[in-house]
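Open the model in your viewer and keep the selection panel at hand.

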Amino acid sequence: MEEMEEELKCPVCGSFYREPIILPCSHNICQACARNILVQTPESESPQSRRASGSGVSDYDYLDLDKMSLYSEADSGYGSYGGFASAPTTPCQKSPNGVRVFPPAMPPPATHLSPALASVPRNSCITCPQCHRSLILDDRGLRGFPKNRVLEGVIDRYQQSKAAALKCQLCEKAPKEATVMCEQCDVFYCDPCRLRCHPPRGPLAKHRLVPPAQGRVSRRLSPRKVSTCTDHELENHSMYCVQCKMPVCYQCLEEGKHSSHEVKALGAMWKLHKSQLSQALNGLSDRAKEAKEFLVQLRNMVQQIQENSVEFEACLVAQCDALIDALNRRKAQLLARVNKEHEHKLKVVRDQISHCTVKLRQTTGLMEYCLEVIKENDPSGFLQISDALIRRVHLTEDQWGKGTLTPRMTTDFDLSLDNSPLLQSIHQLDFVQMKASSPVPATPILQLEDCCTHNNSATLSWKQPPLSTVPAEGYILELDDGNGGQFREVYVGKETMCTVDGLHFNSTYNARIKAFNKTGVSQYSKTLVLQTSEVAWFAFDPGSAHSDIIFSNDNLTVTCSSYDDRVVLGKTGFSKGVHYWELTVDRYDNHPDPAFGVARIDVMKDVMLGKDDKAWAITEGGITKGATIGVLLDFNRKTLTFFINDEQQGPIAFENVEGLFFPAVSLNRNVQVTLHTGLQVPDFYSSRASIA
């Protein structure tokens, strides 16, 4: 029952409720505390003035919180009415629970009533310390609020249960603490005495056993106080008003404001509300039970986290130690290489020292010998050996000049330790998820028999492996740019088939697919190579054409029902490559001036093609009935060229053509044309382009 203690304490004083009263907002407050937080209101806000003006609808009028602020968590700690001299501004106090308490605006006048029932200042206002709703008291003051007798009884029982522990009445020596009390026997038992003297069988099985505290309270319960009516203090509550949801007396039904309300028997409503509260408590009890189980789970998690932390720290230390050991081993290997290089350099230098020493000794001996020969005075003897000595001297000199005096080894070590990748790896060393909550889905399989291309569109189909047990929440389809560039996402969703439009003609695309769920993504599938059509096959587009255009021959032949020029576009747009198509003039009456060319998607549809900046077209130059107009759109050279009956009209009609363009025609009712697609670029143009 200790958890219930906060429910039994006043939010103002922080102590157990004393003579609690019920505010209209259903919250409780001590009667003495209620007097302490009263604030006097202006005369214009009083109930009498409101009833006089016809605006009063209740004995308790809630304040207009937009006009004044008696209690607010954002105010400066003062409650006042500006411009009202009789209600001076007074600083608020704080209760033990942190609730602001406003002292009474004026001291109560002298009276012979008890302090609890003394009259309150006229036009007083009270603010609920819990929900902060403010209301103005009527002439009855605090006596107009019903007293909470039930709460008083609960507090009384709780305080008695907190007294000294009850002892067993049947223990012979050193009585133990009682655990139950039998209401029929009126005896307190400990567990051993209950099993020995009050076994749960026979006639005793029907006795009701209750906790000792409840049994003690039932012993000492005073006769239930009968609550009286707040409007008629001499009358007891006898009925329940359904509309006002409060007990009323007989006099309230006869002459009070409840005379026209629906009322029911007090006892019947008491039982009904008790039943409703019990049913509500059952649901709340289930939630409390779940909360207790959840707390147990959380406490177990604390223990498990501590154990896992120790295990994980040990694993981390072991991994770092393994890295340090590997680094030490590598260090020893590198040092061995350095020592080997050191020994090699010393050996080369020492060999060179030895060689030079020997050669220098020989040279010095030759020089000394030659000097002694020069000292001889015998010309014939000198000339016999002089040529040989001269050759030896020159030969020895030449031997010293061929790099002999250059060190064969440098003092520097031609070794440089590249540790930057390792340092970068150490800096990037981080944790990854060691245990996935659930595995990622399997890699999808492309269904090659259902994958195809049409014109500049590609359709791909895939499925999960037959033995896959991990469901996929969706798939990600990626394509490159048709030039071997980076992949980009073109579809993300749950479907297992997708058609990608707007690709370039005569291009090779690489496609791949992967699956994903909450855990992560799968590996990519095998890459599928897709080749779009080399030439474009298309028809006129009824969806974007002017309403006066008439279509026939599977949308390949068009005419018009109006004498004004109307525009129709092809279904396929181009932004890359070289494309060629032709149109034949089936009917040509009264010089109608048709136009043939290309246009952007937002070209005007009710004017001749080429009249705005969204289209490029040819309008004259030998167009007659039976003529064939060829349109060549070359994005490689950014040019637009026209042909009539296979003859080029001028060098180049338009240059710097960039962006997305659609084949286009403008005509009126005197013209009918037929579209021919899927044509190769004329040979003479291809050869000319290759030469250029």
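**Stop 1: two loops**

Select Asn-506, in the loop between strand 22 (497–500) and strand 23 (508–516). Helices (H or I, at least four residues) and strands (E, at least two) are DSSP runs, numbered from the N terminus. This is a predicted model: local features need pLDDT of at least 70, side-chain atom pairs count only at pLDDT 80 or more, and totals for chains, interfaces and linings use all residues. Residues are numbered from 1 along each chain as its sequence is written, and side-chain values use heavy atoms, with hydrogens and water left out.

Check the backbone of Asn-506: phi is near 50°, a positive value in a residue other than glycine. Most residues other than glycine have a negative phi. Asn-506 is partly exposed, at 47% relative accessible area. (Buried means under 20%, exposed over 50%, partly exposed in between, with a 1.4 Å probe and protein chains only.)

Next, select Ala-174. Look in the loop between helix 3 (149–161) and strand 11 (180–182). Ala-174 is not a glycine, yet its phi is positive, about 50°. Is Ala-174 buried or exposed? Ala-174 counts as exposed, with 64% relative accessibility.

**Stop 2**

Zoom in on strand 27 and strand 35 (residues 662–667): 4 bridges join them. Pick Arg-566; opposite stands Leu-667 in strand 35.

**Stop 2: the second largest pocket**

Select Arg-330, Leu-334, Leu-417, Asp-418 and Asn-419, which lie nearest the centre of the second largest pocket among its 15 lining residues. (On a 1 Å grid over the protein atoms alone, a pocket is an open set of points where a 1.4 Å probe fits, with protein on both sides within 12 Å along at least five of seven lines; lining residues have an atom within 4 Å of a point.) The pocket holds about 380 Å³ of space, taken as the space filled by probe spheres set on the points.

Now colour helix 7 (266–374) and helix 9 (420–427), the elements that give two or more residues to the lining. Helix 7 gives the largest share, 7 residues.

Methods: Pairing = 2+ DSSP bridges.
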